[in-house]
Amino acid sequence: MSLQGDGAAAEPPTAEMESTASDTITVTIGATVPTGFEHTAAEEVHEKIGVDAHVSKDRGRIYFPITTDKLFQVHLLRSVDNLFVVVDEYDHYPFKESKGETLNELQELASKLPWTNALEVWRLNRTLKKKKGYRKGGNGPKLKPSSETTEADGEQEEAAVESQTEVESGMPDTSSTQDAVEAAPEAKVIRFRVTCSRAGDKHSFSSNEAARDFGGAVQEFFQWKADMTKFDIEVLLNIHNEEVVIGIALTEESLHRRNISHFGPTTLRSTLCYGMLRLCKPQPSDIILDPMCGTGAIPLEGAIEFNSSFYIAGDNNDMAVNRTVNNVCHIQKRRADKGSASGLPIDTVRWDLCSLPIRTSSVDVLITDMPFGKRMGSKKKNWDLYPNCLREMARVCRPGSGKAVLLTQDKKCFSKAISRMGGLWRKVHTVWVNVGGLHAGVYLLRRTGAVFGQTPEDIYESRGTVNIQEEVKNENEHVKSF
Ligand SMILES: C[S@@+](CC[C@H](N)C(=O)[O-])C[C@H]1O[C@@H](n2cnc3c(N)ncnc32)[C@H](O)[C@@H]1O
(Lines give C-alpha, C1' and ligand atoms only; values in the text may rest on other atoms or scores of the structure.)
Protein backbone atom coordinates (compact mmCIF):
# COMPACT_ATOMS: atom_id res chain seq x y z
CA MET A 1 0.00 0.00 0.00
CA SER A 2 1.27 3.41 -0.90
CA LEU A 3 1.57 5.77 2.06
CA GLN A 4 2.20 8.93 0.07
CA GLY A 5 -0.18 10.67 -2.21
CA ASP A 6 0.01 14.05 -3.80
CA GLY A 7 -1.59 12.76 -6.95
CA ALA A 8 -0.18 10.99 -9.97
CA ALA A 9 2.49 12.90 -11.81
CA ALA A 10 1.48 12.49 -15.43
CA GLU A 11 3.36 15.69 -16.19
CA PRO A 12 6.83 15.72 -14.67
CA PRO A 13 7.21 18.35 -11.94
CA THR A 14 10.27 20.53 -12.28
CA ALA A 15 13.01 20.18 -9.71
CA GLU A 16 13.69 23.90 -9.75
CA MET A 17 10.15 25.13 -9.10
CA GLU A 18 9.76 27.90 -6.52
CA SER A 19 7.46 27.89 -3.53
CA THR A 20 6.25 30.54 -1.12
CA ALA A 21 6.54 30.62 2.67
CA SER A 22 2.91 29.51 2.99
CA ASP A 23 3.67 26.31 1.11
CA THR A 24 4.36 24.23 4.20
CA ILE A 25 3.84 20.62 3.27
CA THR A 26 4.00 17.37 5.17
CA VAL A 27 6.33 14.66 3.97
CA THR A 28 7.81 11.45 5.30
CA ILE A 29 11.51 11.50 6.11
CA GLY A 30 13.46 8.26 6.08
CA ALA A 31 16.71 7.86 8.01
CA THR A 32 19.30 5.13 8.12
CA VAL A 33 20.52 4.57 11.67
CA PRO A 34 23.02 2.19 13.33
CA THR A 35 21.37 -1.23 13.28
CA GLY A 36 20.07 -2.03 16.74
CA PHE A 37 19.64 1.61 17.73
CA GLU A 38 16.43 2.20 15.74
CA HIS A 39 14.37 2.74 18.88
CA THR A 40 16.98 5.10 20.34
CA ALA A 41 16.79 7.10 17.10
CA ALA A 42 12.98 7.10 17.25
CA GLU A 43 13.22 8.39 20.82
CA GLU A 44 15.53 11.20 19.71
CA VAL A 45 13.13 12.15 16.89
CA HIS A 46 10.27 12.32 19.39
CA GLU A 47 12.33 14.39 21.81
CA LYS A 48 13.71 16.86 19.25
CA ILE A 49 11.03 17.08 16.56
CA GLY A 50 7.99 16.01 18.55
CA VAL A 51 6.71 13.34 16.17
CA ASP A 52 6.46 9.57 16.38
CA ALA A 53 8.82 7.59 14.18
CA HIS A 54 7.98 4.26 12.65
CA VAL A 55 10.75 1.66 12.94
CA SER A 56 11.02 -0.26 9.69
CA LYS A 57 11.14 -4.02 9.66
CA ASP A 58 14.09 -3.43 7.41
CA ARG A 59 16.48 -3.02 10.35
CA GLY A 60 18.54 0.14 10.41
CA ARG A 61 15.81 2.50 9.15
CA ILE A 62 13.20 4.74 10.69
CA TYR A 63 10.50 6.89 9.10
CA PHE A 64 8.78 9.96 10.49
CA PRO A 65 6.52 12.75 9.22
CA ILE A 66 7.62 16.39 9.23
CA THR A 67 6.29 19.66 7.98
CA THR A 68 8.83 21.43 5.81
CA ASP A 69 9.41 24.19 8.38
CA LYS A 70 11.07 21.51 10.54
CA LEU A 71 13.47 20.38 7.84
CA PHE A 72 16.53 22.02 9.42
CA GLN A 73 15.87 20.18 12.71
CA VAL A 74 16.17 16.88 10.94
CA HIS A 75 19.81 17.67 10.19
CA LEU A 76 20.48 18.21 13.89
CA LEU A 77 19.62 14.63 14.82
CA ARG A 78 22.66 12.79 16.21
CA SER A 79 21.59 9.20 15.77
CA VAL A 80 20.96 9.24 12.03
CA ASP A 81 23.48 8.37 9.35
CA ASN A 82 21.73 9.28 6.10
CA LEU A 83 18.49 11.12 5.42
CA PHE A 84 16.06 10.95 2.54
CA VAL A 85 12.59 12.14 1.72
CA VAL A 86 10.12 9.45 0.78
CA VAL A 87 8.53 9.72 -2.66
CA ASP A 88 6.38 6.64 -2.21
CA GLU A 89 6.29 3.49 -0.16
CA TYR A 90 4.78 0.05 -0.66
CA ASP A 91 4.52 -2.47 2.19
CA HIS A 92 3.67 -5.32 -0.18
CA TYR A 93 4.84 -4.53 -3.68
CA PRO A 94 3.35 -7.12 -6.05
CA PHE A 95 6.56 -8.29 -7.72
CA LYS A 96 5.95 -10.49 -10.74
CA GLU A 97 7.67 -13.83 -11.03
CA SER A 98 9.34 -13.12 -14.32
CA LYS A 99 12.26 -10.74 -14.42
CA GLY A 100 11.09 -9.06 -17.63
CA GLU A 101 7.63 -8.26 -16.30
CA THR A 102 8.99 -6.96 -13.00
CA LEU A 103 11.52 -4.69 -14.65
CA ASN A 104 8.85 -3.41 -17.07
CA GLU A 105 6.63 -2.54 -14.13
CA LEU A 106 9.47 -0.73 -12.37
CA GLN A 107 9.93 1.31 -15.54
CA GLU A 108 6.24 2.16 -15.66
CA LEU A 109 6.31 3.10 -11.98
CA ALA A 110 8.67 6.02 -12.58
CA SER A 111 6.03 8.13 -14.34
CA LYS A 112 3.26 7.22 -11.87
CA LEU A 113 5.01 8.26 -8.68
CA PRO A 114 3.97 11.37 -6.71
CA TRP A 115 7.29 13.20 -7.08
CA THR A 116 6.16 16.79 -6.47
CA ASN A 117 6.45 17.08 -2.67
CA ALA A 118 9.67 15.11 -2.45
CA LEU A 119 11.28 17.30 -5.09
CA GLU A 120 10.13 20.39 -3.25
CA VAL A 121 11.82 19.10 -0.07
CA TRP A 122 14.97 18.29 -2.02
CA ARG A 123 14.99 21.88 -3.31
CA LEU A 124 14.43 23.35 0.18
CA ASN A 125 17.14 21.10 1.55
CA ARG A 126 19.58 22.39 -1.03
CA THR A 127 18.72 25.97 -0.08
CA LEU A 128 19.32 25.13 3.60
CA LYS A 129 22.70 23.64 2.80
CA LYS A 130 23.75 26.67 0.80
CA LYS A 131 22.72 28.95 3.67
CA LYS A 132 24.78 26.85 6.07
CA GLY A 133 27.74 27.12 3.72
CA TYR A 134 27.87 23.45 2.90
CA ARG A 135 29.96 22.20 0.01
CA LYS A 136 28.72 23.41 -3.31
CA GLY A 137 28.73 21.62 -6.59
CA GLY A 138 28.26 17.94 -7.28
CA ASN A 139 26.75 15.68 -4.71
CA GLY A 140 29.02 12.83 -5.58
CA PRO A 141 30.23 10.48 -2.90
CA LYS A 142 33.31 11.74 -1.09
CA LEU A 143 36.44 9.70 -0.80
CA LYS A 144 36.93 8.27 2.66
CA PRO A 145 39.99 9.26 4.64
CA SER A 146 42.58 6.58 4.01
CA SER A 147 42.65 5.21 7.55
CA GLU A 148 38.89 4.98 7.63
CA THR A 149 39.01 2.98 4.45
CA THR A 150 41.27 0.56 6.27
CA GLU A 151 38.55 -0.12 8.82
CA ALA A 152 35.87 -0.49 6.19
CA ASP A 153 38.01 -2.92 4.25
CA GLY A 154 37.92 -5.28 7.17
CA GLU A 155 34.47 -4.74 8.55
CA GLN A 156 32.12 -3.34 5.92
CA GLU A 157 32.75 -6.06 3.40
CA GLU A 158 31.59 -8.63 5.89
CA ALA A 159 28.44 -6.53 6.28
CA ALA A 160 27.44 -7.11 2.70
CA VAL A 161 27.90 -10.83 3.04
CA GLU A 162 26.07 -11.06 6.33
CA SER A 163 23.01 -9.07 5.40
CA GLN A 164 22.81 -10.38 1.84
CA THR A 165 22.21 -6.84 0.75
CA GLU A 166 23.09 -5.63 -2.68
CA VAL A 167 23.70 -1.99 -3.37
CA GLU A 168 24.07 -0.86 -6.95
CA SER A 169 23.87 2.29 -8.94
CA GLY A 170 23.01 1.60 -12.49
CA MET A 171 22.46 3.98 -15.36
CA PRO A 172 23.85 4.49 -18.79
CA ASP A 173 26.87 6.72 -18.21
CA THR A 174 26.56 9.99 -20.07
CA SER A 175 29.61 11.65 -18.58
CA SER A 176 30.74 13.06 -21.90
CA THR A 177 27.38 14.82 -22.18
CA GLN A 178 27.87 16.05 -18.64
CA ASP A 179 31.12 17.75 -19.49
CA ALA A 180 29.17 19.76 -22.01
CA VAL A 181 26.45 20.55 -19.44
CA GLU A 182 29.02 21.75 -16.95
CA ALA A 183 30.53 23.95 -19.60
CA ALA A 184 27.13 25.60 -20.06
CA PRO A 185 25.64 25.89 -16.56
CA GLU A 186 22.92 28.23 -17.73
CA ALA A 187 21.27 25.18 -19.30
CA LYS A 188 20.54 23.99 -15.71
CA VAL A 189 20.28 20.39 -16.65
CA ILE A 190 19.56 18.27 -13.60
CA ARG A 191 22.03 15.43 -13.17
CA PHE A 192 20.91 12.40 -11.25
CA ARG A 193 21.62 8.84 -10.40
CA VAL A 194 19.53 5.99 -9.05
CA THR A 195 20.92 3.86 -6.23
CA CYS A 196 19.17 0.58 -5.54
CA SER A 197 19.67 -1.35 -2.32
CA ARG A 198 18.02 -4.74 -2.24
CA ALA A 199 17.71 -7.37 0.47
CA GLY A 200 15.80 -10.62 0.12
CA ASP A 201 16.25 -13.86 -1.75
CA LYS A 202 12.95 -14.05 -3.65
CA HIS A 203 13.63 -11.43 -6.30
CA SER A 204 14.02 -12.43 -9.93
CA PHE A 205 16.23 -9.39 -10.67
CA SER A 206 19.45 -7.89 -9.35
CA SER A 207 19.76 -4.45 -7.80
CA ASN A 208 21.86 -3.41 -10.77
CA GLU A 209 19.06 -4.33 -13.19
CA ALA A 210 16.45 -2.57 -11.09
CA ALA A 211 18.57 0.60 -10.84
CA ARG A 212 19.30 0.53 -14.58
CA ASP A 213 15.70 0.07 -15.75
CA PHE A 214 14.03 2.28 -13.16
CA GLY A 215 16.75 4.90 -13.73
CA GLY A 216 16.22 4.80 -17.50
CA ALA A 217 12.52 5.51 -16.99
CA VAL A 218 13.23 8.37 -14.56
CA GLN A 219 15.59 9.86 -17.10
CA GLU A 220 12.96 9.67 -19.83
CA PHE A 221 10.19 11.07 -17.64
CA PHE A 222 12.08 14.09 -16.32
CA GLN A 223 14.55 14.51 -19.16
CA TRP A 224 17.33 14.61 -16.57
CA LYS A 225 20.86 13.51 -17.31
CA ALA A 226 22.36 10.45 -15.68
CA ASP A 227 25.68 10.95 -13.95
CA MET A 228 27.10 8.43 -11.53
CA THR A 229 29.50 10.78 -9.77
CA LYS A 230 28.49 14.42 -10.20
CA PHE A 231 24.79 14.28 -9.57
CA ASP A 232 22.39 16.85 -8.16
CA ILE A 233 19.72 14.34 -7.22
CA GLU A 234 20.18 10.83 -5.93
CA VAL A 235 17.03 8.77 -6.29
CA LEU A 236 16.93 5.81 -3.92
CA LEU A 237 15.19 2.57 -4.68
CA ASN A 238 15.15 0.51 -1.48
CA ILE A 239 13.79 -3.00 -1.81
CA HIS A 240 13.56 -5.23 1.24
CA ASN A 241 11.71 -8.46 0.46
CA GLU A 242 8.32 -7.12 -0.70
CA GLU A 243 8.72 -3.67 0.87
CA VAL A 244 9.67 -0.97 -1.63
CA VAL A 245 10.55 2.61 -0.73
CA ILE A 246 11.43 5.22 -3.32
CA GLY A 247 13.18 8.28 -1.94
CA ILE A 248 15.41 11.25 -2.71
CA ALA A 249 18.62 11.58 -0.69
CA LEU A 250 18.99 14.65 1.54
CA THR A 251 22.53 13.94 2.73
CA GLU A 252 25.63 13.72 0.58
CA GLU A 253 27.64 11.72 3.04
CA SER A 254 26.78 9.96 6.25
CA LEU A 255 26.33 12.27 9.22
CA HIS A 256 28.42 9.86 11.32
CA ARG A 257 31.60 11.51 10.02
CA ARG A 258 30.98 14.65 12.00
CA ASN A 259 33.68 14.60 14.71
CA ILE A 260 36.66 12.56 13.64
CA SER A 261 39.47 13.97 11.53
CA HIS A 262 42.21 11.52 12.63
CA PHE A 263 40.92 8.01 12.05
CA GLY A 264 42.26 4.80 13.59
CA PRO A 265 41.91 1.19 12.52
CA THR A 266 38.59 0.68 14.34
CA THR A 267 37.08 4.14 14.66
CA LEU A 268 33.49 3.90 15.80
CA ARG A 269 30.74 5.82 14.00
CA SER A 270 29.71 8.91 15.95
CA THR A 271 26.07 7.86 15.50
CA LEU A 272 26.75 4.56 17.26
CA CYS A 273 28.70 6.41 19.99
CA TYR A 274 25.67 8.63 20.46
CA GLY A 275 23.42 5.58 20.88
CA MET A 276 25.77 4.13 23.49
CA LEU A 277 25.92 7.43 25.36
CA ARG A 278 22.14 7.71 25.44
CA LEU A 279 21.97 4.26 27.00
CA CYS A 280 23.91 5.47 30.05
CA LYS A 281 21.89 8.70 30.38
CA PRO A 282 24.72 11.10 31.36
CA GLN A 283 23.80 13.45 34.20
CA PRO A 284 25.26 16.89 34.93
CA SER A 285 28.64 16.63 36.69
CA ASP A 286 28.98 12.91 35.99
CA ILE A 287 32.57 11.72 35.56
CA ILE A 288 32.60 9.53 32.47
CA LEU A 289 35.57 7.38 31.49
CA ASP A 290 36.44 5.70 28.22
CA PRO A 291 39.41 3.58 29.34
CA MET A 292 40.13 2.21 25.82
CA CYS A 293 39.30 5.28 23.77
CA GLY A 294 41.17 4.61 20.49
CA THR A 295 40.54 7.80 18.51
CA GLY A 296 38.30 9.18 21.24
CA ALA A 297 35.10 8.85 19.20
CA ILE A 298 32.89 8.03 22.21
CA PRO A 299 34.10 10.65 24.74
CA LEU A 300 34.30 13.29 22.00
CA GLU A 301 30.68 12.73 21.01
CA GLY A 302 29.79 12.85 24.71
CA ALA A 303 31.72 16.07 25.33
CA ILE A 304 29.84 17.69 22.43
CA GLU A 305 26.33 16.35 23.02
CA PHE A 306 26.13 15.74 26.77
CA ASN A 307 28.44 18.55 27.80
CA SER A 308 27.47 18.92 31.44
CA SER A 309 29.43 15.77 32.23
CA PHE A 310 33.23 15.49 32.26
CA TYR A 311 35.00 12.92 30.10
CA ILE A 312 38.37 11.23 30.52
CA ALA A 313 39.66 9.39 27.47
CA GLY A 314 42.56 6.96 27.95
CA ASP A 315 44.40 4.31 25.98
CA ASN A 316 47.64 2.37 26.38
CA ASN A 317 48.66 2.99 22.80
CA ASP A 318 50.60 6.17 22.04
CA MET A 319 49.20 6.46 18.54
CA ALA A 320 45.65 6.18 19.84
CA VAL A 321 46.26 8.85 22.49
CA ASN A 322 47.76 11.18 19.84
CA ARG A 323 44.79 10.64 17.57
CA THR A 324 42.39 11.48 20.38
CA VAL A 325 44.32 14.65 21.22
CA ASN A 326 44.31 15.65 17.53
CA ASN A 327 40.59 14.97 17.20
CA VAL A 328 39.80 17.05 20.28
CA CYS A 329 42.05 19.89 19.05
CA HIS A 330 40.45 19.79 15.61
CA ILE A 331 36.96 20.26 17.07
CA GLN A 332 38.19 22.98 19.45
CA LYS A 333 39.73 24.83 16.51
CA ARG A 334 36.58 24.45 14.41
CA ARG A 335 34.60 25.94 17.29
CA ALA A 336 37.08 28.77 17.83
CA ASP A 337 36.94 29.60 14.11
CA LYS A 338 33.17 29.93 14.46
CA GLY A 339 33.65 32.30 17.39
CA SER A 340 32.81 29.88 20.18
CA ALA A 341 35.03 30.34 23.23
CA SER A 342 33.79 27.35 25.20
CA GLY A 343 36.20 24.44 25.57
CA LEU A 344 35.22 20.80 25.52
CA PRO A 345 34.86 19.02 28.90
CA ILE A 346 37.37 16.30 28.05
CA ASP A 347 40.89 15.25 29.00
CA THR A 348 43.16 12.61 27.49
CA VAL A 349 45.55 10.27 29.30
CA ARG A 350 47.88 7.42 28.44
CA TRP A 351 47.21 4.54 30.82
CA ASP A 352 46.83 0.83 31.21
CA LEU A 353 43.23 -0.02 31.87
CA CYS A 354 44.26 -2.84 34.19
CA SER A 355 45.68 -0.35 36.68
CA LEU A 356 43.96 2.99 36.30
CA PRO A 357 45.42 6.04 38.07
CA ILE A 358 41.94 6.79 39.37
CA ARG A 359 40.57 6.79 42.90
CA THR A 360 38.34 3.86 43.99
CA SER A 361 34.57 4.53 43.69
CA SER A 362 35.03 7.91 41.96
CA VAL A 363 33.61 7.34 38.45
CA ASP A 364 29.92 7.51 37.48
CA VAL A 365 30.01 5.90 34.05
CA LEU A 366 32.47 3.73 32.15
CA ILE A 367 31.79 3.53 28.46
CA THR A 368 34.03 1.80 25.99
CA ASP A 369 34.41 -0.16 22.81
CA MET A 370 36.51 -3.20 23.79
CA PRO A 371 38.97 -4.91 21.45
CA PHE A 372 36.93 -7.50 19.52
CA GLY A 373 40.03 -9.65 19.08
CA LYS A 374 39.71 -9.45 15.29
CA ARG A 375 41.25 -6.25 14.00
CA MET A 376 42.30 -5.11 17.47
CA GLY A 377 43.97 -7.40 20.04
CA SER A 378 43.25 -11.12 19.91
CA LYS A 379 40.56 -13.48 21.18
CA LYS A 380 43.23 -15.23 23.23
CA LYS A 381 44.30 -12.02 24.96
CA ASN A 382 40.67 -11.15 25.65
CA TRP A 383 40.39 -14.10 28.08
CA ASP A 384 42.73 -12.18 30.38
CA LEU A 385 41.83 -8.63 29.35
CA TYR A 386 38.04 -8.85 29.83
CA PRO A 387 38.01 -10.09 33.49
CA ASN A 388 40.79 -7.64 34.38
CA CYS A 389 38.93 -4.86 32.69
CA LEU A 390 35.64 -5.63 34.49
CA ARG A 391 37.43 -5.87 37.81
CA GLU A 392 39.35 -2.59 37.49
CA MET A 393 36.28 -0.82 36.15
CA ALA A 394 34.33 -2.11 39.18
CA ARG A 395 37.01 -0.68 41.47
CA VAL A 396 36.81 2.87 40.10
CA CYS A 397 33.03 2.83 39.59
CA ARG A 398 30.66 4.16 42.28
CA PRO A 399 28.96 1.23 44.06
CA GLY A 400 25.18 1.27 43.80
CA SER A 401 24.78 4.06 41.22
CA GLY A 402 27.65 3.57 38.76
CA LYS A 403 27.10 2.19 35.25
CA ALA A 404 29.08 0.70 32.41
CA VAL A 405 28.18 0.57 28.71
CA LEU A 406 30.47 -1.83 26.92
CA LEU A 407 30.57 -2.77 23.26
CA THR A 408 32.09 -6.05 22.12
CA GLN A 409 31.72 -8.65 19.46
CA ASP A 410 33.59 -11.25 21.55
CA LYS A 411 30.34 -12.25 23.24
CA LYS A 412 31.53 -15.62 24.46
CA CYS A 413 34.48 -14.18 26.34
CA PHE A 414 32.41 -11.29 27.67
CA SER A 415 29.59 -13.55 28.92
CA LYS A 416 32.06 -15.78 30.70
CA ALA A 417 33.82 -12.82 32.32
CA ILE A 418 30.60 -11.13 33.43
CA SER A 419 29.15 -14.38 34.78
CA ARG A 420 32.02 -14.48 37.27
CA MET A 421 31.49 -10.88 38.36
CA GLY A 422 27.96 -11.14 39.73
CA GLY A 423 29.02 -9.57 43.01
CA LEU A 424 30.28 -6.41 41.28
CA TRP A 425 28.22 -5.98 38.10
CA ARG A 426 24.61 -6.66 37.19
CA LYS A 427 23.69 -6.95 33.51
CA VAL A 428 20.68 -4.69 32.91
CA HIS A 429 20.15 -4.69 29.17
CA THR A 430 21.82 -5.70 25.90
CA VAL A 431 21.39 -3.95 22.55
CA TRP A 432 22.45 -6.07 19.59
CA VAL A 433 24.15 -3.98 16.96
CA ASN A 434 25.83 -4.37 13.64
CA VAL A 435 29.33 -2.91 13.66
CA GLY A 436 30.62 -2.98 10.11
CA GLY A 437 28.96 -6.33 9.47
CA LEU A 438 29.90 -7.87 12.80
CA HIS A 439 27.15 -8.86 15.20
CA ALA A 440 28.08 -7.22 18.48
CA GLY A 441 26.48 -6.48 21.83
CA VAL A 442 26.26 -3.21 23.71
CA TYR A 443 25.96 -4.28 27.34
CA LEU A 444 24.51 -1.94 29.93
CA LEU A 445 25.79 -2.93 33.37
CA ARG A 446 24.91 -1.54 36.77
CA ARG A 447 27.53 -1.53 39.55
CA THR A 448 26.21 -3.44 42.56
CA GLY A 449 26.39 -1.85 45.99
CA ALA A 450 29.24 -4.18 47.04
CA VAL A 451 32.32 -2.43 48.35
CA PHE A 452 35.33 -3.24 46.21
CA GLY A 453 37.82 -5.46 48.00
CA GLN A 454 35.16 -7.41 49.83
CA THR A 455 33.85 -9.79 47.17
CA PRO A 456 35.35 -13.03 45.83
CA GLU A 457 35.51 -11.37 42.37
CA ASP A 458 38.26 -9.02 43.58
CA ILE A 459 40.82 -11.80 43.66
CA TYR A 460 42.70 -11.95 40.41
CA GLU A 461 43.58 -15.28 38.92
CA SER A 462 44.64 -14.94 35.32
CA ARG A 463 44.14 -17.72 32.86
CA GLY A 464 47.91 -17.76 32.44
CA THR A 465 48.45 -18.26 36.18
CA VAL A 466 45.97 -21.14 36.26
CA ASN A 467 47.69 -22.75 33.31
CA ILE A 468 51.11 -22.34 34.87
CA GLN A 469 49.88 -23.90 38.12
CA GLU A 470 48.38 -26.78 36.19
CA GLU A 471 51.58 -27.22 34.24
CA VAL A 472 53.59 -27.33 37.51
CA LYS A 473 51.12 -29.87 38.93
CA ASN A 474 51.37 -32.01 35.78
CA GLU A 475 55.14 -31.76 35.84
CA ASN A 476 55.21 -33.01 39.46
CA GLU A 477 52.92 -35.90 38.55
CA HIS A 478 55.18 -36.66 35.61
CA VAL A 479 58.22 -36.70 37.90
CA LYS A 480 56.42 -38.95 40.37
CA SER A 481 55.56 -41.51 37.69
CA PHE A 482 59.25 -42.12 36.99
C1 LIG B 1 38.29 -1.20 19.67
S2 LIG B 1 39.53 -0.05 20.03
C3 LIG B 1 38.65 1.39 20.48
C4 LIG B 1 38.27 2.19 19.29
C5 LIG B 1 37.60 3.50 19.62
N6 LIG B 1 36.29 3.32 20.16
C7 LIG B 1 37.56 4.42 18.42
O8 LIG B 1 36.47 4.82 18.01
O9 LIG B 1 38.62 4.72 17.87
C10 LIG B 1 40.16 -0.65 21.53
C11 LIG B 1 41.27 0.18 22.12
O12 LIG B 1 41.67 -0.46 23.34
C13 LIG B 1 43.02 -0.14 23.56
N14 LIG B 1 43.53 -1.06 24.59
C15 LIG B 1 43.75 -2.39 24.53
N16 LIG B 1 44.21 -2.85 25.70
C17 LIG B 1 44.30 -1.79 26.54
C18 LIG B 1 44.72 -1.64 27.89
N19 LIG B 1 45.15 -2.67 28.62
N20 LIG B 1 44.67 -0.40 28.43
C21 LIG B 1 44.25 0.66 27.71
N22 LIG B 1 43.83 0.57 26.42
C23 LIG B 1 43.86 -0.64 25.84
C24 LIG B 1 43.65 -0.31 22.18
O25 LIG B 1 44.87 0.38 22.09
C26 LIG B 1 42.54 0.27 21.29
O27 LIG B 1 42.81 1.60 20.98
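Strand S14 (residues 403-408) and strand S16 (residues 438-447) run antiparallel and are joined by six bridges; strands here are DSSP runs of E with at least two residues, and helices are runs of H or I with at least four, both numbered from the N terminus. Two strands count as paired if DSSP finds at least two bridges between them. Opposite Leu406 stands Tyr443 of S16. The model is a predicted one, in which local features need pLDDT of at least 70 and side-chain atom pairs count only at pLDDT 80 or more, while totals for chains, interfaces and linings use all residues. Residue numbers start from 1 along each chain as its sequence is written.

S16 is also joined to strand S15 (residues 425-435), by 10 bridges in an antiparallel arrangement. Trp432 has Gly441 of S16 as its bridge partner. S15 and S16 form a hairpin with two residues between them, and Gly436 in the turn has a positive phi of about 55 degrees.

Helix H3 (residues 99-112) packs against helix H7 (residues 207-222) at an angle of about 35 degrees, the axes lying 8 Å apart. Axes are lines fitted to C-alpha atoms over the stretch in contact, with angles from 0 to 180 degrees between N-to-C directions. The contact (C-beta atoms, placed from the backbone, within 7 Å) includes Leu103 and Leu106 of H3 and Phe214 and Phe221 of H7. Its residues comprise eight nonpolar, three polar and two charged.

The ligand is surrounded by 22 residues, the closest being Met292, Gly294, Thr295, Ala297 and Leu353; the criterion is a C-beta atom, placed from the backbone, within 6 Å. This shell has 11 nonpolar, eight polar and three charged residues, where Ala, Val, Leu, Ile, Met, Phe, Trp, Tyr, Cys and Pro count as nonpolar, Asp, Glu, Lys and Arg as charged, and the others, Gly among them, as polar.

Methods. Contact = placed C-beta atoms within 7 Å.
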